Amino acid sequence: MMKMIAIGDNVVDCYLDQQLYYPGGNAVNVAVNCKRNGFEECAYIGVFGNDKKAEHIRKSLDQEQVTYEFSRQVYAPSGSPGVQLVDGNRVFVGGPKNTAQHIVRLRLTPHDMEYISQFDVCHTSCYSNIEGELAQIKTACDISFDFSTNVGTDYLQRVCPHIKYAFFSGADLPDDQLDPLIEACHRLGVEIVGITLGGKGALFSRNGERYVQGVKPTEVVDTMGAGDSFIAGFLTAYIQHGGMESALDYAADCAAKTCTFYGAYGYPHPMERD
């Protein structure tokens, strides 16, 4: 029985042109997509606000059968970045800075760790303020980490020794920086390094062996969450079957599918004041 847990951020992405918001956040998106892709059990631990937006996120997780019983709730608004679509590509245009994610940092208890140890893999990211907890999470299960565009040496040295899977958004990285980034992660102990490259596909490495994956043709409506879908698709297929080529091919299919609808995984809700 494959089980995964995601720890970290939750937000609602506010589509300004539609006057709708959609649940999201890297950790939530990966958990939902792992459940859709075939993990028998998926869970989420994060910090929820106490507003209607947080209630909508939880309702969407209920619908997707992603449990969140170990999450916290605080008296603060949910993260709600503004989004504009430009030719199907999502562009963030800012949001409030006094949200639950900004004012509270998750700290894991022994009870949390006992729970986390039941899972095969834990996914988290640079958006989750969880770096200080990675060492103890590593003792419980493998860790998947999304660095987004964070490629600084100090940050790599802080995170990489604790994780098995490293994912980067590298569409804006020069080609001559890709191999050095991969090699730096391997030297620090990462087994699998993946860099998504936008329209150029993805470059992955497992213990130094390179793999290239192209993009799948699709009708792009909205790219929100496509990278998170790629990560979830890869983790699901790789942990289940162990083949790099087939896992990357499946991940590309998942990302292409996500581009065909609005929001990271659906569930639109009219914007309103809490």
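Trainee: Gln19: buried, partly exposed or exposed?

Mentor: Partly exposed, at 46% relative accessibility. Buried means under 20% relative accessible area, exposed over 50%, and partly exposed in between, with a 1.4 Å probe and protein chains only. Keep in mind that this is a predicted model: local features need pLDDT of at least 70, side-chain atom pairs count only at pLDDT 80 or more, and totals for chains, interfaces and linings use all residues. Residues are numbered from 1 along each chain as its sequence is written, and side-chain values use heavy atoms, with hydrogens and water left out.

Trainee: Where does Gln19 lie?

Mentor: In the loop between strand E2 (11-15) and strand E3 (20-24). Helices (H or I, at least four residues) and strands (E, at least two) are DSSP runs, numbered from the N terminus.

Trainee: And what is Gln19 in contact with, leaving aside neighbours within four places in sequence?

Mentor: His269, Pro270 and Met271. Contact means heavy atoms within 4.5 Å.

Trainee: Switching to the core. Which residues have the most contacts inside the largest nonpolar one?

Mentor: Met4, Leu61, Phe204 and Phe234, in a core of 48 residues. Helix H8 (residues 226-241) gives the largest share, 8 residues. Another core, of 42 residues, lies apart from it, and includes Ile45, Ile137, Phe147 and Ala166. By nonpolar core I mean a set of buried Ala, Val, Leu, Ile, Met, Phe, Trp, Tyr and Cys residues joined through side-chain atoms within 4.5 Å.

Trainee: What does Phe204 touch, not counting residues up to four places away in sequence?

Mentor: Among them are Phe167, Ile192, Tyr211, Phe230, Phe234 and Leu248.

Trainee: OK, helix H7. Which residues there are buried?

Mentor: H7 spans residues 178-187, and its buried residues are Leu178, Leu181, Ile182, Ala184, Cys185 and His186. Their cover includes helix H6 (153-159), strand E11 (165-169), strand E12 (192-196), strand E13 (202-206) and E14. Just after H7, Gly189 has a positive phi of about 110°.

Trainee: You listed Cys185. How many disulfides does a search of the whole structure find?

Mentor: It finds 0. The cut-off is a pair of cysteine sulfur atoms within 2.5 Å. For Cys185, the nearest cysteine sulfur is that of Cys160, 3.9 Å away. Cys185 is buried, at 0% relative accessibility.

Trainee: What about Cys254, how far is the nearest cysteine sulfur?

Mentor: 9.3 Å, and it belongs to Cys34. Cys254 is buried too, with a relative accessible area of 10%.

Trainee: Charges next. How many salt bridges?

Mentor: The search finds 11. Each is a side-chain nitrogen of Lys or Arg within 4 Å of a carboxyl oxygen of Asp or Glu. Lys3 pairs with Glu41, with the closest N and O atoms 3.6 Å apart.

Trainee: Which strands hold Lys3 and Glu41?

Mentor: Lys3 lies in strand E1 (residues 3-8) and Glu41 in strand E4 (residues 41-48), so the pair ties together parts that are 38 residues apart in sequence. Lys3 is buried, at 14% relative accessible area. Glu41 is partly exposed, at 24%.

Trainee: Which residue meets Glu64 in a salt bridge?

Mentor: Arg36, at 2.8 Å from N to O. Glu64 sits in the loop between helix H2 (52-63) and strand E5 (66-67), and Arg36 in helix H1 (residues 26-37), 28 residues apart.

Trainee: Last one. What is the pairing of Asp249?

Mentor: Asp249 forms a salt bridge with Lys216, with the closest N and O atoms 3.0 Å apart. Asp249 is in helix H9 (residues 244-258), and Lys216 in the loop between E14 and H8.
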